[in-house]
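Biologist: I've just opened this one and would like a guided tour. Can we go through it piece by piece?

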Protein chains: 2
Amino acid sequence: MSAITATPIPGLPEVRPGDDLAGLLAAAAPDLRDGDVLCVAHKVVSKAEGRVVDLRDVEPGARARELAAAHGKDPRHLEVVLREAAAIVRERPGVLICRTRHGYVCANAGVDASNAGAGERLVLLPLDPDASARALRAALRARAGVAPAVVITDSFGRAWRRGQCETAIGVAGLAPIDDWDGRVDSDGRPLRATAIAIADEAAAAADLARAKDSREPAVVVRGLERHVSAQDGPGAAALVRPVAEDLFI
Amino acid sequence: MSAITATPIPGLPEVRPGDDLAGLLAAAAPDLRDGDVLCVAHKVVSKAEGRVVDLRDVEPGARARELAAAHGKDPRHLEVVLREAAAIVRERPGVLICRTRHGYVCANAGVDASNAGAGERLVLLPLDPDASARALRAALRARAGVAPAVVITDSFGRAWRRGQCETAIGVAGLAPIDDWDGRVDSDGRPLRATAIAIADEAAAAADLARAKDSREPAVVVRGLERHVSAQDGPGAAALVRPVAEDLFI
C-alpha cells in the first residue's frame with residue numbers, strides 16, 4: 001500500500017457569512033484533484049453559512065439561567081447550547097455533554113467561541129453537515145472541475161479517554177466506514193466486527209497537519225482513492241450510532 | 001506547516017513469540033530516523049512478547065460458562081477475556097465491553113482471535129504497553145542508532161459512534177496530548193479545553209496507510225517532529241481518563 005499524505009492548504013483568508021467557500025478553497029489549492037479527501041474544519045463552513053450567533057442578540061431563558069448559575073457560565077452562551085442540543089447526556093462542572101440534533105455527542109452541542117471572530121460571537125455546527133459537504137463538493141466540481149471527497153470536521157472529546165480527536169461530522173464522496181464483514185484475515189480466518197471509521201481517521205490525520213491557531217482550516221489527505229467514490233454516499237450520518245443501539249447515552 | 005506522511009513498512013515476516021521485533025523492524029525500515037513516529041499494531045508486539053493463549057490450555061470457570069451460554073460464545077474465549085478484564089463495563093449480545101487493567105475500555109478486553117496465527121490461539125494486549133513501547137524504542141536505538149517515537153496501537157470501538165478507530169495503547173517519545181491550555185486562538189482569545197490527543201490521531205493516520213489483512217503491522221508517520229522528544233514521556237497512560245473523572249463507566 002502506498003503512503004498517505006496530509007497537507008494543509010495555506011493562504012485562506014478569514015471566512016465571513018455569505019463567502020464563497022468553494023471559490024476560496026479552489027483558489028488556494030489549485031492542485032486539488034479527484035480522489036483527494038478535502039478535510040475542512042467546520043468553523044469555516046459554519047461561518048460561510050452564517051451559522052454564527054451574536055451573544056448580544058440572545059435572551060437567556062429560565063433553564064439557561066439555572067444552568068449558568070450551576071456552572072459559572074454566561075447564561076446567553078448556555079441558551080445557545082440548549083437551542084442546539086436535542087438532549088443533555090451528562091453534566092460536569094463547566095461543560096455540558098450534549099446530543100445534537102444530528103446525533104453527535106459532544107461538549108456544549110458543538111457551540112464554540114474559539115476562532116469565532118472578533119466580538120462576542122459563537123459558531124454553531126452546520127444545520128446539516130452532510131448536506132454542507134455535498135454542497136461544497138458540488139460547488140468545487142462546478143467551479144474547478146474537480147470533485148474531491150469532502151469531510152467536514154470538529155474536535156470531539158471521547159468517553160474514557162483524555163484529549164480530543166478531530167472527527168467527521170459531514171461527509172460527501174468518502175466511504176465513512178470500511179466494513180470488513182465477510183473478509184478474511186491473513187490466516188484465512190473470517191474477520192468479524194471490523195468496521196474501520198475511515199472518515200474519522202481521515203479527520204484525525206488532517207488535524208495532525210494543521211495548527212488550530214493558524215489560518216489552516218483545510219487539509220488535503222491524499223492516498224485514500226480506494227475509499228473515494230463519484231457518488232456522495234451515506235455521509236457522516238452513517239457514523240452515528242442510533243440511541244437505541246448505544247449503551248452510553 | 002508541512003505535510004504529514006504515513007508510510008507502511010513492507011516485508012515484515014510473521015512475528016512469533018521470542019522474536020526480536022526491533023531487529024525485524026530495523027531491517028525492514030532502514031530509513032527510520034529520529035523524529036519519526038513508528039506506529040505498530042499491538043498484535044506483533046504481543047506475539048513477540050508471548051502474550052498468546054492457546055485455547056486448548058484454557059479451563060473455563062463458572063462465570064465464563066455462564067456468559068458463554070448467554071452470548072453464544074466459546075466459554076474458553078470468555079475465560080481469557082475475564083482474566084484480562086478489570087471490570088465489565090457493558091454487555092451486549094456477542095460482545096463484552098470491558099475495562100482492562102491498563103484502564104482501556106474496549107470490546108472483549110482487547111482479546112482477539114483475528115490475525116492470531118494458525119490454530120486456536122488468542123492474542124492478548126501487552127501486559128504494560130507503555131513499557132513495551134519504551135523497550136522497543138530502546139532496542140531500536142541500540143540496534144540501529146535511531147530513536148523514533150513508538151506508538152503501539154489497537155482498534156477500539158467508541159461510544160456513540162459506529163466503526164472503530166485505531167487508538168494509542170502504548171507510547172514512548174511522543175507527547176500523547178498537545179495541551180493548548182494557556183494559548184490563544186487566531187483572534188487572541190484564550191483557547192480553553194483544547195487538548196489534542198496527538199498519539200490517537202497518529203494511530204488513526206497510520207491505520208489509513210495499512211490494510212488489516214496484509215502483513216503491514218508497522219507504519220512510519222513523519223512530520224510530527226515537534227511532538228517527538230528524546231525523553232520517553234508519560235506514555236499512553238496519560239490518555240486514560242481515570243474512573244473517578246469518567247461519566248460513562
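Biologist: Strand E1 (residues 4-8) of chain B and strand E12 (residues 218-222) of chain B pair over how many bridges?

Modeller: First, a caution: this is a predicted model, where local features need pLDDT of at least 70, side-chain atom pairs count only at pLDDT 80 or more, and totals for chains, interfaces and linings use all residues. Residues are numbered from 1 along each chain as its sequence is written, with chains lettered from A and ligands numbered from 1 in the order in which they are written. Strands (E, at least two residues) and helices (H or I, at least four) are DSSP runs numbered from the N terminus, and two strands pair if DSSP finds at least two bridges between them. E1 and E12 of chain B run antiparallel, and the number of bridges is four.

Biologist: Which residue in E12(B) is the bridge partner of B:Ala6?

Modeller: Strands of a sheet pair through backbone hydrogen bonds, either parallel or antiparallel. In E12(B), the partner of B:Ala6 is B:Val221.

Biologist: What is the strand order of the open sheet with mixed pairing?

Modeller: That sheet has ten strands, drawn from chain A and chain B. Its edge strands, each pairing on one side only, are E9 (165-172) of chain A and E9 (165-172) of chain B. From one strand to the next the twist averages 25°. The order is E9(A)-E8(A)-E2(A)-E12(A)-E1(A)-E1(B)-E12(B)-E2(B)-E8(B)-E9(B).

Biologist: At about what angle does helix H6 (residues 198-209) of chain B run to E9(B)?

Modeller: H6 of chain B lies across E1 and E9 of chain A, together with E1, E2, E8, E9 and E12 of chain B. Axes are lines fitted to C-alpha atoms, for helices over the stretch in contact, and angles run from 0 to 180 degrees between N-to-C directions. Relative to E9(B), the helix runs at about 120°.

Biologist: Which residue takes a positive phi in the hairpin of E4(B) and E5(B)?

Modeller: E4(B) and E5 (residues 95-100) of chain B run antiparallel and are joined by six bridges. Among the pairs, B:Glu91 partners B:Leu96, and B:Ala87 partners B:Arg99. The hairpin has two residues between the strands, and the one with a positive phi, near 85°, is B:Gly94.

Biologist: Over in chain A, which element gives the most to the side of domain 1 that touches domain 2?

Modeller: Chain A splits into domain 1 (1-50 + 126-244) and domain 2 (52-124), with bounds from an automatic or database domain assignment. Their contact (C-beta atoms, placed from the backbone, within 7 Å) takes eleven residues from domain 1 and ten residues from domain 2. Elements giving two or more residues on the domain 1 side are helix H2 (42-48) and strand E8 (149-156) of chain A. The top contributor, with three residues, is H2(A).

Biologist: What radius of gyration does chain A have?

Modeller: The radius is taken over C-alpha atoms, and the globule rule is 2.2 Å times the number of residues to the power 0.38. With 249 residues, a compact globule would come out near 18 Å, which agrees with the value for chain A: 19 Å.

Technical notes
Two residues are in contact if their C-beta atoms, placed from the backbone, lie within 7 Å.
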